[in-house]
Amino acid sequence: MRAIQIVEETGPDSALALVELPEPEPSHPLGRAGIESSVVVEVHAAGVSFPELLQTRGQYQLKPPLPFVPGSEVAGIVRSAPAGARVQPGDRVAAFCALGGFAETAVAPEFFTFALSPELDFAQGAALILNYHTAYFALLLRGRLKQGETLLVHGAAGGVGTAALQVARALGAKTIALVSSEAKQEVAQRAGADHTLLLGEDWKDQVRELSGGGVDVVLDPVGGDRFTDSLRSLGEGGRLVVVGFTGGSIPEVRVNRLLLNNTEVVGAGWGAYVMSKPELNVEIGAAVNGMVDDGFVSPIVGERFPMERAADALKTLDERRATGKLVLDVRPT
Ligand SMILES: NC(=O)c1ccc[n+]([C@@H]2O[C@H](COP(=O)([O-])OP(=O)(O)OC[C@H]3O[C@@H](n4cnc5c(N)ncnc54)[C@H](OP(=O)(O)O)[C@@H]3O)[C@@H](O)[C@H]2O)c1
């Protein structure tokens, strides 16, 4: 099969090679010990995300020995599944494989493989798990976002950002999207934001005005020096959910601010939390598929790349040019 390998940790320009490899063994390291529990997927599209970019520099926590095939999530058709699995050979699926997705064949644990709605194409399927499961986990389980509340989303035209806007809508919340350009504003609008704001000096005041005194939840995949203003954007009892640090620096909190305004900073690390909880993944997968069926979730796919241009896809993320989810067309249709 054709696959992309990371062959050295020198950044997206030089780390990747397109290679021919034998088909993978039909067992996944996250599968349950002693039980046949892995699904083999004929990959049509692979999602491109920050973990793959960080892996080209050896900066991600999951650090297999070189060379290895990156690629945390795919969409395609089931080739084989264990007896009793929720999916069958021939089914269209979205699957989270953690590694190995940038290849014509990938293997995922059964509990991380979900039927793909006929409403969604394979590129959208490759955008569904990492971002939407994270958005659901971060907003509902960590941020306790409720119907009628208001949410501010940073990096709102990105993969996690667009997913959060759609999941929040499905939960009955109002959304304010903060982005860095007019083109990104349009993407956030397409993702269903109730209000979109451009980053600038006075974004915090605009957020406070739009939300009538402060939002209930902030979802922050960006971090950096806007963090203090995010805290100032919260209303009483507000929660700031920390999801990532694309801005480059990890902010520090002066905790007196939390005391003065009765607010919280909450961490949301989806992977670390769900990896060992198969039933929770099945529950989140069903909830997200329900949001697809109800018309709230329809992943926004940005630029698409053939396998040969995987490096360009990673550079697009690195240079802050991505909108929506970037996808590799592994088997173009
Ligand atoms: N905690 C978890 O469980 C979890 C799960 C999935 C992903 N993540 C993390 O969430 C973050 C966002 O992922 P994503 O897929 O949404 O990324 P993305 O599609 O590239 O979006 C990230 C956004 O960050 C903003 N940004 C600000 N400064 C940036 C910079 N220097 N370089 C790049 N982007 C910058 C950009 O928005 P503006 O230009 O509009 O500011 C960009 O749209 C990543 O750090 C990822 O690792 C965490």
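I began with Phe 111 and Phe 112, and both are buried (under 20% relative accessible area; exposed is over 50% and partly exposed lies in between, with a 1.4 Å probe and protein chains only).

Before going on, I noted that this is a predicted model, where local features need pLDDT of at least 70, side-chain atom pairs count only at pLDDT 80 or more, and totals for chains, interfaces and linings use all residues. Residues are numbered from 1 along each chain as its sequence is written, and side-chain values use heavy atoms, with hydrogens and water left out.

**Rings**

How many aromatic pairs does the structure hold? I found 5; rings of Phe, Tyr and Trp (its six-membered ring) pair if their centres lie within 6.5 Å, and planes under 30 degrees apart count as stacked, over 60 as edge-to-face and the rest as tilted.

Phe 137 is in helix 3 (residues 129–142) and Tyr 273 in helix 9 (residues 270–274), so the pair ties together parts 136 residues apart in sequence. Helices here are DSSP runs (H or I, at least four residues), as are strands (E, at least two), numbered from the N terminus. Is Phe 137 buried or exposed? It counts as buried, at 2% relative accessibility, while Tyr 273 is partly exposed at 40%.

**Helix 3**

I stayed with helix 3, where 11 of the 14 residues are buried, so the rest of the structure largely encloses it. Among the buried ones I jotted down Tyr 132, His 133, Tyr 136 and Phe 137. After helix 3 comes Arg 144, with a positive phi near 55 degrees.

**Whole chain**

Then I zoomed out. The protein chain has 11 helices and 15 strands, and its C-alpha atoms fill a box of roughly 60 × 40 × 35 Å along the principal axes. Of its 333 residues, 55% are buried. I also checked contacts (heavy atoms within 4.5 Å): of those with a separation of 6 or more, 69% join residues 24 or more positions apart.
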